[in-house]
There are 2 protein chains.
Amino acid sequence: MSKIQTSTAKRRKMSDIRKDNLKQILLSAENLFAERGYTSTTISAIASQAGLPKANVLYYFKTKETLYKEVLTQLLVLWMQHMDEMTSEQHPNEALPRYILQKMKQSKQHPNASRIFAAEILHGAPYLREQLQTDLKAQFIKTCQVFHDWIAKKWMDPISPEHLLFLIWSSTQAYSDYALQSSLLMDKEELGDNDFETGLELISRLVLKGCGINLV
Amino acid sequence: MSKIQTSTAKRRKMSDIRKDNLKQILLSAENLFAERGYTSTTISAIASQAGLPKANVLYYFKTKETLYKEVLTQLLVLWMQHMDEMTSEQHPNEALPRYILQKMKQSKQHPNASRIFAAEILHGAPYLREQLQTDLKAQFIKTCQVFHDWIAKKWMDPISPEHLLFLIWSSTQAYSDYALQSSLLMDKEELGDNDFETGLELISRLVLKGCGINLV
DNA sequence: TAAAATTCTGACCCCTCGGTCAGGTTTTGG
DNA sequence: CCAAAACCTGACCGAGGGGTCAGAATTTTA
């Protein structure tokens, strides 16, 4: 079968094939890990969804764990995005809703990432602990400092920065982690654009009003 | 060993032993399911934590699935508690903070329940779907109606009842589901009373102020 | 174009886990 | 007190999963 490859196919450099395969494996892995969790996902399931034999997947990733870790690190980068776009100089009236919007977009566009992340934390973050304590924590502290500055400038009420962040994270992330529950309760196949829109508005509203952030 | 039982031990009625064993099994199962998830939890792990031989666990619960379902249904009851304590007659100024308080208490006192629930939803709610669509949904609709009534009475701003509930659920539940992340970020062994307190106050504050609920 | 390096894969191994079962022990009922 | 019922358990089994490996196929290098 591979012998009858056309010259067009042959012209593709091997590194391209390698990239394609890696991409396919990572993609399938992400889907399955999100859907079934780490242990319930079998290498052969990933392989068959990626259109490769199992042994070939093991050729690219020596172990299941390696593959999972790879998926995770890609994921954390995504998850941390946008946090650093909030600065002390900006007014929270603008910066906060923008951040919330970004988080909602992520829940909508990358629900798998959110779900794997959630499952990992839920089960003790065995593979993410390190990075949580270093990378994420550094960013967390910075962001809390920004909130502190805003409070000092009287731009918002003196609430707990840490817990405010937790609330924003959990309520936005719910739109991927708990999307199934929501859609079941609201008799929908799945959440639609308007649901994300309504959620976004509600969260922004509660945060702004609740923190006493004045509309300019 | 069991032959040398003292008369005191013998005096215990069998049904008591049965109850004890069931309780132990259910308890161990809950712990382990919460910690490791369904697939990673082995029957022998449950057995050894319950201090029983594996075959004995299988005597009480024919299959692992049966045991899991039992844990789940107990759990859902707990999870749905207190929602029906909010009624149209009460002022949201009282009823909402009370509900939020109850949810926070649950996150603190029954983190395992919350976590198993979260994991189940995260992975498609294969065993809980039915009950979500019937029991929980009925309660959900009732509660949304209560919120609607409050809005009609001008006791609160016209926000989306559904999404307000989602926010309350997710932000309170985060104090068990994401407790690990929070404690890692804040350099603590685990969350303390004051953390739950601060979280509770923040959530209540945002909800009340955000929904324009006037302090009496 | 031949040899070296890389990539691919079917067949196989081993171990764990859910579940069974035969036979033993304890409790209950008459 | 004895038989029937309920309860308990060590030993075993089959399936499925992660991972290995020898060698084939393909690409690169010289």
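**How the two chains meet**

Between chain A and chain B, 15 residue pairs are in polar contact, both residues at pLDDT 80 or more (N or O atoms within 3.5 Å, one able to donate a hydrogen and the other to accept it; residues adjacent in sequence count only if both atoms are side-chain atoms). On the chain A side, α2 (14-36), α7 (111-122), α8 (129-152), α9 (161-177), α10 (179-185) and α11 (193-210) each put in at least two of the residues touching chain B (helices are DSSP runs of H or I, at least four residues, numbered from the N terminus). The largest share, 12 residues, comes from α9(A). Sorted by class, that side has 28 nonpolar, 16 polar and 12 charged residues, with Gly counted as polar and Asp, Glu, Lys and Arg as charged.

This is a predicted model, with local features needing pLDDT of at least 70, side-chain atom pairs counted only at pLDDT 80 or more, and totals for chains, interfaces and linings using all residues. Residues are numbered from 1 along each chain as its sequence is written, chains are lettered from A in the order in which they are written, and side-chain values use heavy atoms, leaving out hydrogens and water.

There are also six salt bridges between the chains (Lys or Arg side-chain nitrogen within 4 Å of an Asp or Glu carboxyl oxygen). One of them joins A:Lys137 to B:Asp187, at 2.6 Å, N to O.

In all, 56 residues of chain A contact 56 of chain B (heavy atoms within 4.5 Å). All of the interface residues of chain A, 100%, are interface residues in chain B too, so the copies meet through the same surface.
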